[in-house]
Amino acid sequence: MQKNHSKKIIVFLGVVLFTLGICFLLSNYFNEKVDYAYSYMNNLLLERNEEIYEIQEEVDTLDDSTSSFQETKEEKKEEVYVDPYLKYYIGSLEIPKINLNKGFTDINSKYNTVSKNIQVVSGSTYPDVEKGNFIIAAHSGTSYLGYFKNLYKLTNGDIAYVNYNNKRYTYKIVNIYEQEKTGKIIIYRDGEKTCLTLVTCTKNSKTKQTVYILELEEVRDI
């Protein structure tokens, strides 16, 4: 009797362990399916095309360092700052929510660099190119070059303007995502839309960058 009872207990425990194992495997299986379905639907809804752009090393290493220029500026707060590159600008970027209004130079200009301005990324197109992508990168640190330091405050639906060639282009943010800094940016956007893309370092991160995708809403003369 006692031996049969022990066998029943062993069989019972075996069934319980087997059932738990099956449940665990099924749980992992269904979780993987759910993750796959979510990723698939997200990509489908965005109808996005993948674009890869090379970016200069200095964009890849946007930092939070301050500069001697900033110290000089603090010592002479009463002086009116005159942008030394003003005469080289061919357009400007405005983002009212973060009080940003900054000019940009021609893509081939020697002043088109994050060490001096906001930078038009090589390979991008100007705003007047239909279905094109105008890509701008800038520092996000605390120095005077940190033009994109407040970009992290932006959310989907926020508006940005580009003034270029006597026209004002209105864009709306439709997607924000992070990626590892590798010297390249991978852009996910709707290839049937005219876009503006903003790139900067992710706040409080040394290894990631944040990409903001904006789609054209309106064009008007200025």
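Of the 222 residues of the protein chain, 39% count as buried. The model is a predicted one. The chain contains three helices and 10 strands, and its elements run along the sequence in the pattern α-β-α-α-β-β-β-β-β-β-β-β-β.

## The sheet

Eight strands form an open sheet with mixed pairing, in the order β3-β2-β6-β7-β10-β9-β5-β4. The edges are held by β3 (100-105) and β4 (119-120); each has a single partner strand, so one side of each has no neighbour in the sheet. Although β3 is an edge strand, five of its six residues are buried, and the strand is mostly covered.

The partner of β3 treated here is strand β2, residues 89-95, and the two pair in the antiparallel sense over six bridges. Within this pairing, I95 faces L100 of β3. Four residues lie between the strands of the β2 and β3 hairpin, where N99 has a positive phi near 55°.

Another antiparallel pairing joins strand β7 (residues 167-180) to strand β10 (residues 208-221), over 13 bridges. Here K167 is set opposite D221 in β10.

## Loop residues with positive phi

Two residues in loops also take positive phi values. K131, which is not a glycine, has a phi near 65°. K131 belongs to the loop between β4 and β5 and is partly exposed, its relative accessible area being 37%. N165, likewise a residue other than glycine, has a phi near 55°, and N165 sits in the loop between β6 and β7.

## Aromatic pairs

How many aromatic pairs does a search of the whole structure find? The search gives seven. Two of the pairs involve Y126. With F134, Y126 makes a tilted pair, the ring centres being 6.1 Å apart and the planes at 40°. Y126 and F134 are both buried. With Y164, Y126 makes a stacked pair, because the planes meet at 10°, under the 30 degrees that counts as stacked, with the centres 5.2 Å apart.

Ring pairs join F104, Y126, F134 and Y164 into a cluster.

## Cysteines and a buried glycine

The whole structure has zero disulfides. C195 has a relative accessible area of 1% and is buried. C201 also counts as buried, at 6% relative accessibility.

Is G141 buried or exposed? G141 counts as buried, with a relative accessibility of 2%.

The table gathers accessibility values for residues discussed above.

| Residue | Relative accessible area | Class |
|---|---|---|
| C195 | 1% | buried |
| G141 | 2% | buried |
| C201 | 6% | buried |
| K131 | 37% | partly exposed |

## The second largest pocket

The second largest pocket holds about 220 Å³ of space. Which residues line the second largest pocket? The lining consists of I98, N99, L100, N101, K102, S143, Y144, G146, Y147, K149 and N150. By class, four of these residues are nonpolar, five are polar and two are charged.

The lining also leads back to the β2 and β3 hairpin. N99, the hairpin residue with the positive phi, is one of the lining residues.

Terms used
Residues numbered from 1 in each chain as written. Predicted model: local features only at pLDDT ≥ 70, side-chain atom pairs only at ≥ 80, totals over all residues. Heavy atoms only, no water. 1 Å grid on protein atoms, 1.4 Å probe; cavity = no way out; pocket = protein on both sides within 12 Å on 5 of 7 lines; lining within 4 Å. Points joined across faces, edges and corners; volume = space filled by probe spheres on them. Nonpolar A, V, L, I, M, F, W, Y, C, P; charged D, E, K, R; others polar. Pairing = 2+ DSSP bridges. Disulfide = S-S within 2.5 Å. Buried < 20%, exposed > 50% of the residue type's maximum accessible area, 1.4 Å probe, protein only. Phe/Tyr/Trp six-rings, centres within 6.5 Å; stacked < 30°, edge-to-face > 60°.
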